[in-house]
Amino acid sequence: MSALRFGFVTGPVLGALWMFVLATTLAVAMSFATGEAFRPSLLMSLTFGAIAGAVYALGKSRVYVAFAVGAALIVPMMAGAGPILIGPGASVLSRAVIILLLATLFATTLRVILAEVHWAALTRHEFEGAVIRFLTGFGYIFFTAIVLIPFYVMVMTSLKNQAELMQNPLNFSIDLSKGTELFRSYEELFLQFNFGTYMFNSFFISVLTVLITLAFAIPGAYAVARLRFRGRAAFSRSILLIYMVPMIVLALPIYIAFSMTGLRNSFWGIVMIYPVTTIPVALYMLQGYFRGLPAEVEEAGLMDGLSRLAVIWKITLPLSLPALASVSLYVFMIAWNEFLLAFMLLDDPAKFTLTRGIASLNSSEIPRQHLMAGSVIATVPIMALFLGLERFMTKGLTAGSVKG
Amino acid sequence: MLQMTPPTETGPLAKREARLAWGLLLPTITAVALVVVLPLLAIFWISFKPVELGDLRAPEVVLREDIRGDTDAVGDEANIRYRLRNSSRDQPITGVTFSDTIPEGLSVREVDPRCTLNERALRCDLGDWEPGTRETILIPVIIEQAYLDTGLRPQDSAASTTGKASNVLTNSTFTFENFARIFNGDEFFEVLWVTLFYTVFGTIGALLVGLFAALLLNKSFKGQGILRGLYLFPYVAPVIAVAFAWLILFDPFSGSANALLVQMGVTPEAINFFGERPLALIMVTIFEIWRYFPLSFLFILARMQSIDSDMYEAADMDGASPFQQFWYLSVPQLLGILSVLFLLRFIWTFNKFDDIFLLTGGNAGTRTLTVNVYEQAFAVSNIGAGAAVAVVIFGCLLTFSIFFLKYISQEEGL
């Protein structure tokens, strides 16, 4: 470690790594955006990055050094020998964009990373500061990429047709001149594959699940949080144990029982099962919140002659609206995303939920863009809810310690 | 004078409170008992039963009814034909009977010896049936004017049948076959090893990646909220949507990931990410990490933000470097949440079914215990064996839960 703590080592090493990260990122991003051939060159990016790092360390990362580095990058890239190799088919515009982007991004960001690095021996703070800034930059790029790429692929695939997909799987650029033709997969899903019905079914089942869950969990949570009775501690602990039972273990006997009683393939069967999987979570989240409410307010209500149930209705519930909102959202999300039970218990296309409907699209006869369009249809409402009410959602997720 | 001692018994008020509490909890307890406890007991029962998917439908008497011969004019002779069969090829039915109403205007010429006719009500007693029995009963009739007038055919009035069949699920045949079957051979150990690999690496990976993400966002800057929301996407999206997106991204024939890798010269030909033996297991583990790092990230971030910043200022004054601050201050503070998260995630990853089922269907060496339940019960159609695997899972979970309860009581707040 201590051998690394010299500017003439740290600078080039971080420079080389950073160049490789940036070159790869830009090459991938441009490939996905245009479908043209860009690829990072490992050897070239390491060499260029190392030289740049050394220059920064020597020149103490001054502004004119950054200009020099940026300018020095452009020339070899135009000659076709830079950190990113550009395929012959690439258009002039995308060539110019990627060269300029790499040069400016690299020159400016590396200057920040190596801000405290100079040629001689570094202090611990200077060294670690540089490493941390490098890791931070890498982290932002890495996480954003891994989170966005699957969703990007999902949306873009849904807007293409079969021929375009086979021709160049990398080409995700959209041909805007096609107009509404872009949304053909969606149109077909709604008109021919009944996705409107599935969506309504999912929504209906999810809302019912939320209501039933709350109806069961609110009294239970209140009892566990406020009332004294024997076995209270044991109860509040064992409610978490239900979390630990895998769904597939329950799904098998439920499948058998439903097959024999004819509840399989019915709305009510699903509506009976879903809430039970969410009641323990909801109860646990709510009791935590109820405990945090001041008991004095409720006692005042009791003194004024309200019954316990009236206290819950008139005092506790109005006070816990934020918690109810996050629990509802969270339960809605679980019910909306549920796949296993819907898959096992529903066979009749008229009663499919969205997730079950998407599963039925997974066959070799149905083109992939339909599958992806279905996925987008299922994802968008939950994302919209999530982004709109993110504050409640994150709170709900942390409070409930969440069923996975 | 009365002696003053504290009350030793529970008073009426306390009793009333306890009664109310149980009353409020009753709906939840009933529902949970019905949908969780009962199925768990059922799993144990079924795991000792030789039951197949086809046995779920109890054997029954299937009856078809029609009229054969001329029925156009008065005086024509025809036959009412009843065709009956046992729907099961391996289960007997005892005490088979059926009854039907002969329509107006058909006069019965003679009655089968097994049947009795009372006015228009026909009743036949067919005795006990072997598996796969088929019977045909013919009732010769003469057409009268009323039959032509009403237009009512014999098949318009549904015949009712009775018969008793024993159901494998409720009778007293038990077997150890299921357990012998799943423990038999190397397959079980492969399943166990896959489960262990997936669970251990999936859990640790999600924790580490989540820790890294939390460190990145543990400072306030513009756009921090947006990034935090963005990093939760994989967890919030429906599993089926993201699983299929991954499948299409990594498709061996027309996937973008392969096209990218080939173009970059990393690999000469396309890789079958979810279809080759060691790679498929690694890919499903990576998917698990990708999908669940947001959860660890959220918890770790919440804990980080509650750490007192004074400590870091003091450490700064003492000249501790950033890495030292992380290692000697942050890590000990985070150890509690990390261990709880590890336990929870470990159990949930162990229980995970949907992800692997959607990605590989348990093929290419990715069959975990939970996928094996489905595989045995539905792909091989042996419900008993599936239940036996479920019992094994349950045994493992019981062991984990003991650990969990020991630690969860120490770590309040979760």
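I took two strands as paired if DSSP finds at least two bridges between them, with helices (H or I, at least four residues) and strands (E, at least two) read as DSSP runs numbered from the N terminus. I kept in mind that this is a predicted model, in which local features need pLDDT of at least 70, side-chain atom pairs count only at pLDDT 80 or more, and totals for chains, interfaces and linings use all residues. Residues are numbered from 1 along each chain as its sequence is written, while chains are lettered from A and ligands numbered from 1 in the order in which they are written.

**Entry 1: strands of chain B**

I looked up strand β3 (residues 93–101) of chain B and found that seven bridges join it to strand β6 (residues 121–129) of chain B, the two running antiparallel. Across this pairing, B:Ser99 stands opposite B:Arg123 in β6(B). I then followed β6(B) to strand β5 (residues 115–118) of chain B, with which it pairs in the antiparallel sense over four bridges, and there I noted B:Cys115 opposite B:Cys124. β5(B) and β6(B) form a hairpin with two residues between them, and B:Glu119 in the turn has a positive phi of about 55 degrees.

**Entry 2: the two chains**

For chain A I listed 18 helices and two strands. Its radius of gyration is 29 Å, well over the 22 Å that the globule rule gives for 404 residues, so chain A is more spread out than a compact globule; the radius is taken over C-alpha atoms, and the rule is 2.2 Å times the number of residues to the power 0.38. The C-alpha trace of chain A spans about 80 × 55 × 35 Å along its principal axes. Buried residues make up 49% of chain A, where buried means 20 or more other C-beta atoms within 10 Å of the residue's own, exposed means 12 or fewer, and partly exposed lies in between, with C-beta atoms placed from the backbone.

In chain B I listed 14 helices and eight strands. The radius of gyration of chain B is 34 Å, well over the 22 Å that the globule rule gives for 414 residues, so this chain too is more spread out than a compact globule. The C-alpha trace of chain B spans about 115 × 100 × 45 Å along its principal axes, and 36% of its residues count as buried.

**Entry 3: where the chains touch**

I counted two residues as in contact if their C-beta atoms, placed from the backbone, lie within 7 Å. On that basis the contact between the chains takes 76 residues from chain B and 81 residues from chain A. Helix α1 (residues 12–47) of chain B gives the most to the side of chain B that touches chain A, with 18 residues. By class, that side has 62 nonpolar, 12 polar and two charged residues, with Ala, Val, Leu, Ile, Met, Phe, Trp, Tyr, Cys and Pro taken as nonpolar, Asp, Glu, Lys and Arg as charged, and the others, Gly among them, as polar.

**Entry 4: cores and helix α10(A)**

I looked next for nonpolar cores, meaning sets of buried Ala, Val, Leu, Ile, Met, Phe, Trp, Tyr and Cys residues joined through C-beta atoms within 7 Å. The largest has 165 residues, and those with the most contacts inside it are A:Ala251, A:Leu252, A:Ala282, A:Leu286 and B:Ala245. Apart from it lies another core, of 41 residues, among them A:Ala23, A:Ala52, A:Val65 and A:Ala66.

At 1.5 Å a residue, the 15 residues of helix α10 (residues 247–261) of chain A should span 21 Å, and its end C-alpha atoms are 20 Å apart, which agrees; the expected span is 1.5 Å times one less than the number of residues. I found 11 of the 15 residues of α10(A) buried, so the helix is largely enclosed by the rest of the structure. Among the buried ones are A:Ala251, A:Leu252 and A:Pro253. α10(A) is followed by A:Gly262, whose phi is positive, near 80 degrees.

A:Asn194 is partly exposed, with 17 other C-beta atoms within 10 Å. B:Ala364 also has a positive phi, of about 55 degrees, and I placed B:Ala364 in the loop between α12 (354–359) and α13 (369–379) of chain B. With 20 C-beta neighbours inside 10 Å, B:Ala364 counts as buried.
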